[in-house]
Amino acid sequence: MQGAEGRLWPVVIALGFLALVGSAIGWFLLPRSSPVDAAPDRAVQQPAVSLPSAELDQRQQLLSRLRALQVDRSWFVELVDASQLSTESQQDAPYRRVWTELAEQWLARIALLPPAIRAQLGRLREGDWQPPREALLKQGVHSRVVEHLVSAGAQDLLPVTMRGRKPANPFLQLWIAAAIQSLDDVEIVRLKARPLEPAITSLPIPAGGARLVLVEAPAGDAVVLGINGTPLMQMMVFGVNGQVEEERGPLRVTRIAPQAGSLLQVLVTNEGVSSSLFTLSCRADPLDQ
């Protein structure tokens with residue numbers, strides 16, 4: 001047994017030596033590869049083609065601004081991609097130029113939001129804006145009017161084609177952000193429309209903002225509304241059930257039929273770049289003409 005064991009050790013040593021030599025040869029002959037990294041963020045991924053130095057500088061500045069604004073990169077890239085309607089190869093210089101221009105425009109809009117809300121973009125949910133919504137509903141504001149109020153507050157955040165409606169993701173994140181920001185400090189003004197003597201009030205509207213006026217009238221009476229302001233202001237009138245009685249348009253004089261209900265909801269928006277005043281007068285009209 002001792003002799004057999006003595007004859008076995010040289011074989012083991014030889015096999016170990018051959019394994020070491022084979023590993024060394026394989027190390028030098030096979031291509032070296034780095035460990036698999038996590039999937040790179042498209043916002044920072046380098047393209048297969050080399051970029052001009054000017055484009056590289058633009059990209060670095062864009063990333064620096066994203067970090068400074070604490071905006072989620074994945075959501076931001078999805079946002080810019082979704083707003084690019086027609087694209088060709090992502091390596092084409094015209095595509096990269098248009099994409100960068102869109103990214104700059106979106107960053108300018110996002111910068112208008114408070115830091116606490118910016119940091120949540122990409123993770124906001126419908127429930128995040130429900131508390132202020134419920135507070136308005138308890139004051140008699142219809143849910144459809146609340147959504148129009150939010151859309152008015154989002155007009156500086158969303159493109160013109162998306163204003164006045166609730167968009168889908170990824171744009172919905174900005175709509176919810178506008179809801180959180182604009183519904184917290186909504187001031188509702190109430191007026192009572194009486195026959196013969198009109199009730200009149202003057203109210204300020206901030207640039208890009210909106211005001212809501214609730215008008216009560218005796219049951220069965222029509223209401224005559226007269227609203228004056230700047231050419232950049234728009235108005236909508238809703239009935240008690242949230243139905244649109246007067247479509248969105250310039251400030252004007254209008255008569256609302258009794259069928260609209262005894263609590264009219266008047267929404268006035270300011271699309272100007274400065275705060276302005278508007279004047280609203282209301283009078284009950286018992287004669288249903």
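How many aromatic pairs does a search of the whole structure find? I ran that search on this predicted model, and it returned two aromatic pairs.

**Entry 1: Trp-106 and Phe-171.** I looked up the geometry of this pair and found it tilted, with 5.8 Å centre to centre and 40 degrees between the planes. Trp-106 belongs to helix α4 (residues 93-110), whereas Phe-171 sits in the loop between α7 and α8 (172-182), so the pair ties together parts that are 65 residues apart in sequence. I noted that both Trp-106 and Phe-171 are buried. I also found Arg-109 over the face of Trp-106, at 4.7 Å from the ring centre.

**Entry 2: Trp-129 and Trp-175.** This pair is edge-to-face, at 5.2 Å centre to centre and 90 degrees between the planes. I placed Trp-129 in the loop between α5 (115-118) and α6, and Trp-175 in helix α8; the pair therefore ties together parts that are 46 residues apart in sequence. Trp-129 is buried at a relative accessible area of 1%, and Trp-175 counts as buried at 0%.

**Entry 3: helix α6.** For α6 (residues 130-138), I listed Pro-132, Arg-133 and Leu-136 as buried. Seen down the helix axis, these buried residues fall within an arc of 105 degrees, so they line one face of α6. On the other side, Pro-131 and Lys-138 are exposed. I found that the cover over the buried residues includes α7 (143-153) and β1 (188-192). Just after α6, Gly-140 has a positive phi of about 100 degrees.

**Entry 4: strand β1.** I assigned Val-189 and Leu-191 to the covered face of β1, and Ile-188, Arg-190 and Lys-192 to the uncovered one. β1 pairs with strand β3 (residues 210-216) in the parallel sense over five bridges, and Val-189 has Val-213 as its bridge partner in β3.

Methods:
Residues are numbered from 1 along each chain as its sequence is written. This is a predicted model: local features need pLDDT of at least 70, side-chain atom pairs count only at pLDDT 80 or more; totals for chains, interfaces and linings use all residues. Side-chain values use heavy atoms; hydrogens and water are left out. Buried means under 20% relative accessible area, exposed over 50%, partly exposed in between (1.4 Å probe, protein chains only). Helices (H or I, at least four residues) and strands (E, at least two) are DSSP runs, numbered from the N terminus. The arc is that of the directions from the helix axis to the C-beta atoms. Contact means heavy atoms within 4.5 Å. Two strands pair if DSSP finds at least two bridges between them. Rings of Phe, Tyr and Trp (its six-membered ring) pair if their centres lie within 6.5 Å; planes under 30 degrees apart count as stacked, over 60 as edge-to-face and the rest as tilted. A charge sits over a ring if NZ of Lys or CZ of Arg is within 6 Å of the ring centre and within 35 degrees of the ring normal.
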